[in-house]
Every structure is written in structure tokens, then in C-alpha cells.
Amino acid sequence: MNDKNLLIRHQFHSETENPKNGTQSTFRDVPRQIIEAIRDGNQAGYREFYLHYYKSIYNFINSLICSPDDAEDLTQDAFIKIWEKREILDPDKGLKAYIFKLARNNAYNFIRKKNTEDSYLACGVATNDEEFASDEEYIAYQTEITHRIAIASMPRLRKEIYLMHHDEDMSYDEIARRMNMDKAAVTNHISRAKKDIEKAVQAMLVFMALLPGNW
């Protein structure tokens, strides 16, 4: 191993061969020298980047789509895109916002394709090109879109029960009578739905926090 590759390897503490079994990264931004190495086509630098950050990206995508197998595929795709577009990487801009943006877009595209029958997804996902009066308005819009996408990705029965409660303002007792099920089952479905939404919104806010201050 040459001196450059040794220096790249020592940029990270993680040496695991299986990224899913690695330690959870706090996802500080990628060291400049690693970005330069990836841009220059250095496979050792890319491999260290992949091993160290795979778990963070995988967990982020899975928190949005709640499908481990699909999350693994989408995570792989995000890293492949980094390698394919390595020549345009800018060390001055860092890499974490870019990889999280790729991950977020992969997850949202997956959800939209999976739930094309849901009319409330027609509005799409807001992008940085949209015009908003303030950061707060932009975050509120993204939160609403994330809320709707989380609902769309729920199992059919959970989604149906949650919408009865959320959109039709039906009580748990009313839903139980309409669905001919125990109130406890209704409570469980709604509780799980709320947890799904909270998890998706938290993941979205983490992503927003990682973006550079350009929105």
C-alpha cells in the first residue's frame, strides 16, 4: 500500500468489512482529502468512505421507507452515483449534504412509484428551487409533504384507520364500529401510524439540518 492510501485509511477509525455491522457514524463531513481521493478515482478512498458512512445512509433511507431490503438497494444506488459523478465533487462544499440529498431523493422516488395511486402525492416533494418566504415556511412545507408520504407508505388497514381519525375526525369508538373491530386494535393502528409519521419527520429534519444554509 502506497503512502497516499495509508494516509487515506487513517482518516477513519472504522475498519469493518461489513458496513451494516459497523459503528454508527456521527456523520461529520467527509475529510477534504477523502473527497479529493474519490474525485481522483482512488478506490481506497472511496472504499473507506463507503465503509464508514454506509450505516448512516442505510438507516436514514430505511427510516423513510421502512423496508430493509429496499433500503439496502437504494443505499447502494446512492453510493454508486457518488462514484459515477466523482469528477464533479467539490472538496470545498463537502460531501455529506450531497450524499444525504441523493439518499433522500432515492427514498422519495421509491415511495412515489410505490404509491402512485395516492392522489395526495401529486403535489410532489418540495425542492430548493421552490420560493418560500422564510426557512420556517420551507420546513413546514417539507414536514407536510413528509407527513403525507409517510401515510402513503403505511399498510392499507393502518392508513385507512389513521385517515378516518385524522381526516374525518372520527373517534376511536366510531372507527371501531365502522371497521367492526375492537377499540384496542384501532388504538394500536393509530399509535403505530403516529410513530411512523414521527419517525419520517424526524429523519427529514435530520436531513434538513445537514444541508448547507442555502434554503
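**Aromatic pairs**

This is a predicted model, in which local features need pLDDT of at least 70 and side-chain atom pairs count only at pLDDT 80 or more, while totals for chains, interfaces and linings use all residues. Residues are numbered from 1 along each chain as its sequence is written, and side-chain values use heavy atoms, with hydrogens and water left out.

Q: Are Tyr50 and Phe79 buried or exposed?
A: Buried means under 20% relative accessible area and exposed over 50%, with partly exposed in between (1.4 Å probe, protein chains only). By this criterion, Tyr50 and Phe79 are both buried.

Q: How many aromatic pairs does the structure hold?
A: Rings of Phe, Tyr and Trp (its six-membered ring) pair if their centres lie within 6.5 Å; planes under 30 degrees apart count as stacked, over 60 as edge-to-face and the rest as tilted. The number of aromatic pairs in the structure is nine.

Q: What kind of pair do the rings of Tyr50 and Phe79 form?
A: The ring centres of Tyr50 and Phe79 are 5.0 Å apart. Their planes are at 75 degrees, so the pair is edge-to-face.

Q: What kind of pair do the rings of Tyr54 and Tyr58 form?
A: The centres of the Tyr54 and Tyr58 rings lie 6.2 Å apart. Their planes are at 10 degrees, so the pair is stacked.

Q: Over the ring of which residue does the charged end of Arg86 sit?
A: A charge sits over a ring if NZ of Lys or CZ of Arg is within 6 Å of the ring centre and within 35 degrees of the ring normal. The charged end of Arg86 is 4.1 Å from the centre of the ring it sits over, that of Trp83.
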